[in-house]
Structure formats: C-alpha cells, structure tokens
Amino acid sequence: MRSQPKACGTCMLCCKVLGIGEAGKEPGVLCSLALPRGGCGVHVRRPQNCADYQCMWTWAEPLDASWRPDQAGFLLNRRPDPAEVEVVVDPDRPDAWRREPYHSQIRQWADPRNGAISRVLVRTRGQVKVVFPGAEIDLGLPNHPRFQVQSGFQFGEGGMQPYARFTPLPGLGG
Ligand code: SF4
Ligand code: SF4
C-alpha cells in the first residue's frame, strides 16, 4: 500500500543517476541545472518528468532512512512492468548496492518465491545486471532506451540455471 511520500530532504540522486530526455541530460552525471548547494535551479520550470518523479523510497513505507538514495548510494525504481524493481546505482559508488543490509534484501526481492516482485535489475551508467538469489547476469547496455528483460530459470548443465536477455518492448517494431 502506498503511504504519504517521504520528503526528499537534501537528496538529489535522481538528478544525477537518471537520464532526463526533456532536459537533454545523460544518466550518471549531475544535472547542469542543479544548484551547487542543492536544489533545482529551474524548480518552477523543471521538466514534467522531474516534477512527476518519485523514487520508491519516497512511497514504500518499509524502506527506512538508511534507504534514502543519497545514503544508500542507489535509488529504487518501479519499471513499466510494475512487478519489476530497478536499482539505479550512483556510478561514483558502483558497489553501494552490494553492502549490507541492501544486498541481502535485494537478493531476497529477486527470489522467485517472493510473489510480489518478478525481477530485479541493477543499472549502473545504463549497464544492466539481472539479480537472482544466488547469481547475477550482466547484460551490458540495452539496445533501446525502452527495453524489457526476460529472465527466469531453465534446464542446463548441472540442473536449473538462471537466464536473462533483452527483448524489444511490444509495439516498438524493429
Ligand atoms: S532520488 Fe528519490 S529521495 Fe532522492 S531526490 Fe529523487 S525522488 Fe527524492
Ligand atoms: S531539471 Fe532540476 S529536477 Fe530535473 S534533473 Fe535537473 S536539477 Fe533535477
């Protein structure tokens, strides 16, 4: 259930790690419109995508202050598939998501026995990893800005093995 959003406070990690097409901003670098002491230099005229954006921490009640993105070193996003969670990592702290308690929790979300979440992706500078409870698969850069991922388990050497691959989003053609 969604609770009232938590306040961002001094966090501005989404202004760094996300790409904002309307602002011509690449992922992984602090937006040129960010003020040196924090805050947005064009707040009342900021792009609609910025005004609308809320990372998962702001509305997911169980995530305490240690999960605030600037503290954790990554933000959590819900993707177009609402059962998919994306961990978008600060490229200056690429292993932040591997620290505890984050790593154990992220792997727990990736467990297929967890019915609420189907897939966990980790993105660092656009490179995508798919997390499984006991493994991860590095897919590299997606071939389209609006990608989807298929993943699961299939029979392979020594039994069931995880797999993951990019697939085009339906309706995009090509
Ligand atoms: S990453 Fe989340 S908490 Fe931080 S500024 Fe963006 S929306 Fe707010
Ligand atoms: S325009 Fe403002 S809110 Fe949007 S990314 Fe840049 S600094 Fe952040």
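**Figure 1. The β6–β7 hairpin of a predicted model.** Strands β6 and β7 form a hairpin with 2 residues between them. In the turn, Gly158 has a positive phi of about 80 degrees. β6 covers residues 147–156, and β7 covers residues 159–168. The two pair in the antiparallel sense over 10 bridges; pairing requires at least two DSSP bridges between the strands. Ser151 has Ala164 in β7 as its bridge partner. Of the 10 residues of β6, the number buried is 1, so the strand lies largely in the open. Buried means 20 or more other C-beta atoms within 10 Å of the residue's own, exposed means 12 or fewer, and partly exposed is in between, with C-beta atoms placed from the backbone.

The model is predicted: local features need pLDDT of at least 70, side-chain atom pairs count only at pLDDT 80 or more, and totals for chains, interfaces and linings use all residues. Residues are numbered from 1 along each chain as its sequence is written, while chains are lettered from A and ligands numbered from 1 in the order in which they are written.

**Figure 2. The shell around ligand 1.** This ligand is surrounded by 13 residues. The closest are Cys8, Cys11, Cys14, Cys55 and Pro69. A residue belongs to the surroundings if its C-beta atom, placed from the backbone, lies within 6 Å of the molecule. By class, the shell has 10 nonpolar, 2 polar and 1 charged residues. Nonpolar covers Ala, Val, Leu, Ile, Met, Phe, Trp, Tyr, Cys and Pro; charged covers Asp, Glu, Lys and Arg; the others, Gly among them, are polar.

**Figure 3. The shell around ligand 2.** Cysteines around this ligand include Cys15, Cys31, Cys40 and Cys50. Ile20, Ala23, Leu33, Ala34, Val42 and Pro47 also surround ligand 2, as do Lys25 and Arg46. The shell divides into 10 nonpolar, no polar and 2 charged residues.

Figure 4. Glu100 and Pro101 are joined by a cis peptide bond, with omega about 10 degrees. Pro101 sits in the loop between β2 (84–89) and α5 (102–109). Helices (H or I, at least four residues) and strands (E, at least two) are DSSP runs, numbered from the N terminus.

**Figure 5. Arg125 between β3 and β4.** Arg125 is found in the loop between β3 (119–124) and β4 (127–132). Its phi is positive, about 50 degrees, although Arg125 is not a glycine. With 15 other C-beta atoms within 10 Å, Arg125 is partly exposed.
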